[in-house]
Amino acid sequence: MHDREDPMPRRQGRAASSNPATRYDAIEIALDPAELDPEDMRQVPTEYYHDTSRSILAKNNSPDIPFTYSINVYRGCEHGCIYCYARPSHEYLGWSAGLDFETRILVKPDAPVLLAKAFEARSWEPEVVALSGNTDPYQPIERKLKIVRGCLEVCLRYSNPVGIITKNYLVTRDLDILRGLAAKNLVRVTVSVTTLQSKLASVMEPRTSTPSRRLEAIRVLSDAGIPVNVMVAPIIPGMNEDEIPKIIAAAAERGACRAGYVLLRLPGAVEGLFLKWIQDEFPMRADKVVRRLREMRNGKLNDARFGHRMRGEGPWAKAISRLFKVSCARAGMDRRLPPLATHHFQRASGNQLSLFD
């Protein structure tokens with residue numbers, strides 16, 4: 001049931017309704033919503049900036065994450081998912097984790113060149129590179145810029161394995177490259193499906209592909225011979241955990257091989273943004289969601305400890321884990337897949353590398 005009440009004008013296609021101060025701000029300036037033009041509040045344009053980073057591979061050592069290297073072609077994400085754990089990373093740029101994260105996007109047009117150079121380095125030992133570890137690689141601007149496509153072309157040229165996670169049907173645009181990678185067991189695509197309710201998705205993940213389009217992306221990829229997983233994330237207790245069986249069954253029907261899930265995380269500024277969002281959008285459900293989340297986080301709303309932050313603990317967390325495992329078993333989604341291949345990797349010749357200069 002969609003129990004939204006709308007006490008103030010909403011920004012068109014935006015989940016966050018404000019720009020809270022960053023953890024580094026000494027002074028916070030708050031605008032009075034009553035003094036703002038409602039039309040201005042609804043229209044917040046997206047701005048793009050050139051990111052001049054000179055390296056492209058980010059390295060992590062988290063035991064909770066199944067990859068070491070990732071590529072973030074875009075910093076900030078126009079998809080605007082209110083729960084996104086990446087929002088606080090925008091504060092390092094001097095911008096807010098709120099609307100700034102959704103509307104001020106840094107773009108790395110040199111990413112394919114930098115990736116080729118990284119693969120050419122003698123220190124590089126082939127292993128899976130994730131697209132991406134922070135923000136969605138297939139956000140709307142990728143349709144025009146095709147930077148992710150360029151990175152996939154580099155992975156195919158060097159035969160380096162790559163994993164993709166996205167909420168956007170746009171991933172199907174690159175079927176030709178993905179087929180080439182899949183022929184050598186060099187790719188796995190994970191499609192994130194948080195809910196099957198289009199109304200819920202429209203206010204929680206306002207500029208992503210609709211749930212039905214994401215399921216269609218699973219079907220298209222699977223029919224093309226590309227291994228596809230589904231990520232049911234985040235699980236928001238009291239809001240979408242009851243959808244776990246339906247999401248997994250729907251993904252399995254369309255050819256998905258495996259499934260995963262992550263419990264809602266609220267690091268840093270995400271906590272305040274999410275709490276305001278759920279109170280504004282689902283006031284009748286807000287207390288229940290917060291109460292259950294605290295029960296799974298030892299009385300807190302966030303738990304940053306490795307081994308705990310992705311799953312939570314306590315009776316509710318165990319119930320979600322059991323429901324997920326049973327649902328996967330029923331759908332045949334609990335089988336293991338072979339690891340992506342690394343033995344095909346080969347460095348390009350000088351002439352091939354020059355294509356990116």
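View 1. C155 is buried, since its relative accessible area is 0%, where buried means under 20%, exposed over 50% and partly exposed in between, with a 1.4 Å probe and protein chains only. A search of the whole structure finds zero disulfides, a disulfide being a pair of cysteine sulfur atoms within 2.5 Å.

Residues are numbered from 1 along each chain as its sequence is written, and side-chain values use heavy atoms, with hydrogens and water left out. Because the model is predicted, local features need pLDDT of at least 70 and side-chain atom pairs count only at pLDDT 80 or more, while totals for chains, interfaces and linings use all residues.

**View 2. The crossing of helix α3 (residues 111–120) and helix α5 (residues 147–158).** The axes of these helices, which are lines fitted to C-alpha atoms over the stretch in contact, come within 8 Å and cross at roughly 20 degrees, the angles running from 0 to 180 degrees between N-to-C directions. The two helices are therefore roughly parallel to each other, a description used for angles under 35 degrees, with over 145 counted as roughly antiparallel, 65 to 115 as roughly perpendicular and the rest as oblique. The contact, meaning heavy atoms within 4.5 Å, is made by A111, P112, L115, A116, F119 and E120 of α3 and by I147, G150, C151, V154, C155 and Y158 of α5.

**View 3. S222 in helix α8 (residues 211–223).** Helices are DSSP runs of H or I with at least four residues and strands are runs of E with at least two, numbered from the N terminus. S222 is partly exposed, with a relative accessible area of 22%. Apart from neighbours within four places in sequence, S222 is in contact with V228, R254 and G255.

**View 4. Two cis peptide bonds, from L131 to S132 and from A233 to P234.** Most peptide bonds are trans. In the bond from L131 to S132, omega is near -5 degrees, and S132 lies in the loop between β6 (129–131) and α4 (142–145). In the bond from A233 to P234, omega is near -5 degrees, and P234 is placed in strand β9 (residues 228–235).
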